[in-house]
Structure formats: C-alpha cells, structure tokens
Amino acid sequence: MPTEDNFYLRVFAVVRRIPRGKVATYGQVAALAGTPRAARIVGWALRTQAKKDVPWHRVLNTSGMISIENMNAPKEEQARLLELEGVVIERKAGNLFVDLKKYGWSAIV
DNA sequence: AGCCTGACTCGGA
DNA sequence: CTCCGAGCCAGGC
C-alpha cells in the first residue's frame, strides 16, 4: 500500500465526495481511499487536518455513532453541522447517533 | 529504527 | 446481547 501523502489526499477526496445530508463510515472511506483496513488512519487524517475544507463531520464509525469525546472537535459541533444539512441526530446515553440506513452514503455513484 | 498510540472494526467469550 | 481482545496502517516521539 502506498505510504505517501496521497493517501490523505485520497481520503479527503472521498470525504469531499460525500453528498450533503449523507454520512459515511471510516471503514467505507478507507476502502474508497484504497485501504480497507485503514479506518483508523482515516480518523487520523481527518484529525490532523480537521476544520479545513473537508466535511469531516460526515464521517462516523460503523455504528453511526460519533466517537469523538474530548477532542478538538466536540461531537456537539459535529451534530450541529449534520443537523444543518438535514441529518437527524439521535442522542442516546450521551452519545450521538445517525441512522445509517437512512443517511448512509453509497459509494457506488 | 523501534515502540506507543489512535476520530476503527471484527470476531470470540 | 454485551464485554474484551487482537488486528491494522500511519504518524509521533
């Protein structure tokens, strides 16, 4: 697998392709980026560049739950951004969930 | 160059 | 069904 910055670029490119009002999982983005097992790297990539021109808030874990707890990007902020796009956020036990069946994005476009 | 850590995931107990 | 552990890739120290 490539170990260049291109991986990041690909990740960003994939994330940018996520339509407004839709969400994708880390694993999915990683797969689209060319490395199915690099879900963690995706999160990392987003974390290093978060708050740029990439809709990082559209990326969630495989459960549709926001894993962020005490990071630079508060989950509340992510929830707000998603709600602005029409995505319904479900709050359960202090965690934020998104209905992937409804808002999940299909890579096959 | 080597070890630790992490916005993840999957599989077994 | 829930909890715990191992696997994975890349970056930081």
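Is Phe7 buried or exposed, and with what relative accessible area? Phe7 is buried, at a relative accessible area of 7%, where buried means under 20%, exposed over 50% and partly exposed in between (1.4 Å probe, protein chains only). The model is predicted, so local features need pLDDT of at least 70 and side-chain atom pairs count only at pLDDT 80 or more, while totals for chains, interfaces and linings use all residues. Residues are numbered from 1 along each chain as its sequence is written, chains are lettered from A and ligands numbered from 1 in the order in which they are written, and side-chain values use heavy atoms, with hydrogens and water left out.

Chain A contains 5 helices and 4 strands, taken from DSSP runs (helices H or I, at least four residues; strands E, at least two) and numbered from the N terminus. Along the sequence these elements follow the pattern α-β-α-α-β-α-β-β-α. Chain A has 109 residues, of which 40% count as buried. Among the contacts in chain A with a separation of 6 or more, 58% come from residues 24 or more positions apart; contact means heavy atoms within 4.5 Å.

Two packed helices are described by the angle between their axes and the distance between the axes. The axes are lines fitted to C-alpha atoms, for helices over the stretch in contact, and angles run from 0 to 180 degrees between N-to-C directions. Angles under 35 degrees count as roughly parallel, over 145 as roughly antiparallel, 65 to 115 as roughly perpendicular and the rest as oblique.

Helix α1 (residues 6-17) and helix α2 (residues 26-33) have axes that come within 9 Å and cross at roughly 120°, which means that α1 is oblique to α2. The crossing of α1 past α2 is right-handed, a term that applies if the near helix is turned clockwise from the far one by less than a right angle, whereas left-handed applies if anticlockwise. On the α1 side, Phe7, Arg10, Val11, Val14 and Val15 meet Val29, Leu32 and Ala33 of α2. This contact of α1 with α2 comprises 7 nonpolar, no polar and 1 charged residues. In this scheme Ala, Val, Leu, Ile, Met, Phe, Trp, Tyr, Cys and Pro count as nonpolar, Asp, Glu, Lys and Arg as charged, and the others, Gly among them, as polar.

Helix α3 (residues 39-49) packs with α1 at an angle of about 85°, the axes being 10 Å apart, so α1 is roughly perpendicular to α3. Phe7, Tyr8, Val11, Phe12 and Val15 in α1 meet Ile41, Val42, Trp44, Ala45, Leu46, Thr48 and Gln49 in α3. By class, the contact of α1 with α3 has 10 nonpolar, 2 polar and no charged residues.

Between α2 and α3 the packing angle is about 95°, with the axes 8 Å apart; α2 is therefore roughly perpendicular to α3. Here Tyr26, Gly27, Val29 and Ala30 in α2 meet Ala39, Val42, Gly43 and Leu46 in α3. The contact of α2 with α3 divides into 6 nonpolar, 2 polar and no charged residues.

A search of the whole structure finds 2 aromatic pairs. Phe7 and Tyr8 form an edge-to-face pair, 6.5 Å centre to centre with 70° between the planes. Tyr8 and Phe12 form an edge-to-face pair as well, at 6.0 Å centre to centre and 85° between the planes. Rings of Phe, Tyr and Trp (its six-membered ring) pair if their centres lie within 6.5 Å, with planes under 30 degrees apart counted as stacked, over 60 as edge-to-face and the rest as tilted. Tyr8 and Phe12 both lie in α1, 4 residues apart, about one turn of the helix. Ring pairs link Phe7, Tyr8 and Phe12 into a cluster.

Val59 lies in strand β2 (residues 59-60) and is buried, with a relative accessible area of 1%. Leaving aside residues up to four places away in sequence, Val59 touches Val15, Ile18, Ala24, Thr25, Tyr26, Val29, Leu46 and Gln78. The C-alpha atoms of Val59 and Glu76, 17 residues apart along the chain, are separated by 14 Å.

Most residues other than glycine have a negative phi. Ala93, although not a glycine, has a positive phi of about 55°. Ala93 is located in the loop between β3 (89-92) and β4 (95-98) and is exposed, with a relative accessible area of 80%.
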